[in-house]
Amino acid sequence: MSAPLRLGIAGLGTVGVGLIKIIRQHGEMLTARTGRKIEISAVSARSRDKDRGVPLDGYAWEDDPVVLATRDDVDVFVELMGGSDGPAKAATEAALAAGKDVVTANKAMLAVNGQALAEQAEAAGRVIRFEAAVAGGIPVIKSLTEGLAGNEITRVMGVMNGTCNYILTRMESAGLPYEAVFDEADKLGYLEADPNLDVGGIDAGHKLAILASIAFGTQVDFDAVELEGIGSITIEDIRQAADMGYKIKLLGVAQMTGRGLEQRMSPCLVPDSSPLGQLDGGTNMVVLEGDSVGQIVLRGAGAGEGPTASAVMGDILDLARGFRMPVFGQPAASLRKARAARAAVPAPYYLRLQLQDKPGALAKVARVLGEAGVSIDRMRQYGHQDTAAPVLIVTHKTTRAALEEALEGFRSTGVVEGEPVAIRIEAV
Ligand code: NAP
Ligand code: HSE
């Protein structure tokens with residue numbers, strides 16, 4: 001039998017503990033599958049005294065993850081602390097410099113520093129694996145880099161933040177406003193320490209940026225992701241969208257267009273009969289489209305102890321088997337800097353306006369849309385009150401710029417009250 005593969009694990013929170021449980025419970029099975037014993041040499045976290053629900057005796061303790069990462073008895077540094085920079089990045093860089101391979105679940109670090117880390121790893125002949133960083137337990141990185149490697153990827157999309165999907169589906173099923181469900185999610189422990197990472201779309205944007213890099217052979221560029229969170233989604237829009245046969249999802253879409261790489265993470269309407277429309281609760285879904293394979297839909301747990309540790313374990317087993325590949329699926333030096341598409345491809349939009357109930361109001365709105373070049377597909381007035389008339393409009397495909405021009409034009413009509421709502425309808 002080959003020599004054991006020795007791990008140094010930094011971070012003993014949800015994922016770190018999950019990983020230790022798998023190694024302790026399935027040691028024999030893991031060895032049978034790889035021909036190597038998987039051993040934990042040392043661990044690190046902030047608090048040495050915390051009871052973590054798993055025995056840590058037998059593993060050396062390091063207060064400093066950088067020291068852990070460079071220990072002689074560590075072959076693979078497993079980074080499970082989190083954070084785009086700080087100790088996670090410092091320890092990862094130290095591990096690579098010391099000749100260790102790295103496994104991480106840290107999407108923030110890869111989205112922000114992925115290219116530099118990949119270049120460092122490949123210059124040193126090391127690998128960084130990060131299946132858990134995108135959509136937790138769903139093997140989407142493997143799918144893109146291995147199973148679909150023979151395809152030109154045409155589009156990647158998905159619901160990649162379980163907390164946002166929980167909030168949106170719970171708002172609909174319980175008829176509760178955003179604020180109430182946000183508080184519920186907080187009590188259930190679903191939210192990140194900085195909730196804006198979830199509801200601001202940043203966490204999901206990190207994941208999309210990583211997928212886009214692999215899918216399109218480009219340098220990961222989180223700054224180019226057009227981000228919009230779910231904080232302004234109302235129960236009213238969820239209801240009206242449902243009434244028209246749509247669900248509202250925080251949807252990530254990445255595609256290469258003639259105008260450059262489009263990456264957006266924003267609330268979108270999707271048909272409720274589509275796989276994405278049917279995705280309820282905290283589950284994730286990633287849709288991959290390739291020129292030969294067509295569309296692949298992957299669905300599963302995007303977070304949590306077991307699913308995330310499962311993905312980390314898969315990466316470790318690949319290393320135990322001697323399976324290695326460039327960090328983003330092709331050599332880092334060959335990843336090109338993508339030109340960012342400044343505008344999304346045209347799409348239909350859902351518009352909800354509050355109109356003053358007086359003669360000619362609708363005509364004024366229709367004129368503004370027409371002058372901006374936005375064509376109306378469907379329109380209806382509903383829930384008519386004495387003085388205000390809510391109106392729903394579904395446009396034909398239009399550019400965001402034309403839509404913005406129309407939204408601006410509504411201001412001068414004198415008949416539109418408050419801020420109109422505009423949400424993109426995505427063809428999925
Ligand atoms: P967590 O529960 O907050 O645990 C973080 C761990 O890192 C804790 O054990 C903490 O120590 C340790 N830590 C933080 N700063 C440290 C430092 N300076 N030195 C040493 N240890 C330090 O986080 P998690 O949920 O397990 O997430 C870990 C990583 O996986 C993150 O990158 C996260 O984005 C990613 N991820 C998580 C999930 C999920 O479902 N949780 C899913 C996908 C990806 P103490 O315990 O002593 O405070
Ligand atoms: N906050 C993330 C989510 C955790 O809700 O999906 C997994 O990355």
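Residues are numbered from 1 along each chain as its sequence is written, while chains are lettered from A and ligands numbered from 1 in the order in which they are written. Because the model is predicted, local features need pLDDT of at least 70 and side-chain atom pairs count only at pLDDT 80 or more, with totals for chains, interfaces and linings using all residues, and side-chain values rest on heavy atoms, leaving out hydrogens and water.

Aromatics come up first. A search of the whole structure turns up three aromatic pairs, where rings of Phe, Tyr and Trp (its six-membered ring) pair if their centres lie within 6.5 Å, and planes under 30 degrees apart count as stacked, over 60 as edge-to-face and the rest as tilted. In one of them, the ring centres of F130 and F328 are 5.5 Å apart and the planes sit at 50 degrees, so this pair is tilted. F130 belongs to the loop between β6 (128-129) and α6 (140-147) and F328 to the loop between α12 (305-320) and β13 (349-356), so the contact ties together parts 198 residues apart in sequence. Helices (H or I, at least four residues) and strands (E, at least two) are DSSP runs here, numbered from the N terminus. F130 and F328 are both buried, with buried meaning under 20% relative accessible area, exposed over 50% and partly exposed in between (1.4 Å probe, protein chains only).

Y178 and F182 make another tilted pair, since their ring centres are 6.0 Å apart and their planes at 40 degrees. These two sit four residues apart in helix α8 (residues 178-187), which puts about one helical turn between them. Both Y178 and F182 are buried.

Over in the strands, β11 (residues 283-290) and β12 (residues 294-301) run antiparallel and are joined by eight bridges; strands pair if DSSP finds at least two bridges between them. With three residues between them, β11 and β12 form a hairpin, and L288 has I296 in β12 as its bridge partner.

Ligand 2 has K107, N161, G162, T163, E192, D198, D203, K207, G302 and A303 around it, each with a heavy atom within 4 Å. Looking at polar contacts (pairs of N or O atoms within 3.5 Å), a polar side-chain atom of E192 comes 2.7 Å from a nitrogen atom of the ligand, and one of D198 also lies 2.7 Å from a ligand nitrogen. K207 places a side-chain N or O atom 2.8 Å from an oxygen atom of ligand 2. Taken alone, ligand 2 exposes 260 Å², and the protein buries 87% of that (Shrake-Rupley method, 1.4 Å probe).

As for charges, the count comes to 26 salt bridges, each a side-chain nitrogen of Lys or Arg within 4 Å of a carboxyl oxygen of Asp or Glu. D315 and R129 meet in one of these at 3.5 Å, N to O, linking helix α12 to strand β6 across 186 residues; D315 and R129 are both buried. Helix α12 also supplies D318, 176 residues from K142 in helix α6, and the two side chains meet at 2.6 Å, N to O. K142 counts as partly exposed because its relative accessibility is 25%, whereas D318 is buried at 5%.

Conventions: Polar contact = N/O pair within 3.5 Å; in protein donor to acceptor, adjacent residues only side chain to side chain.
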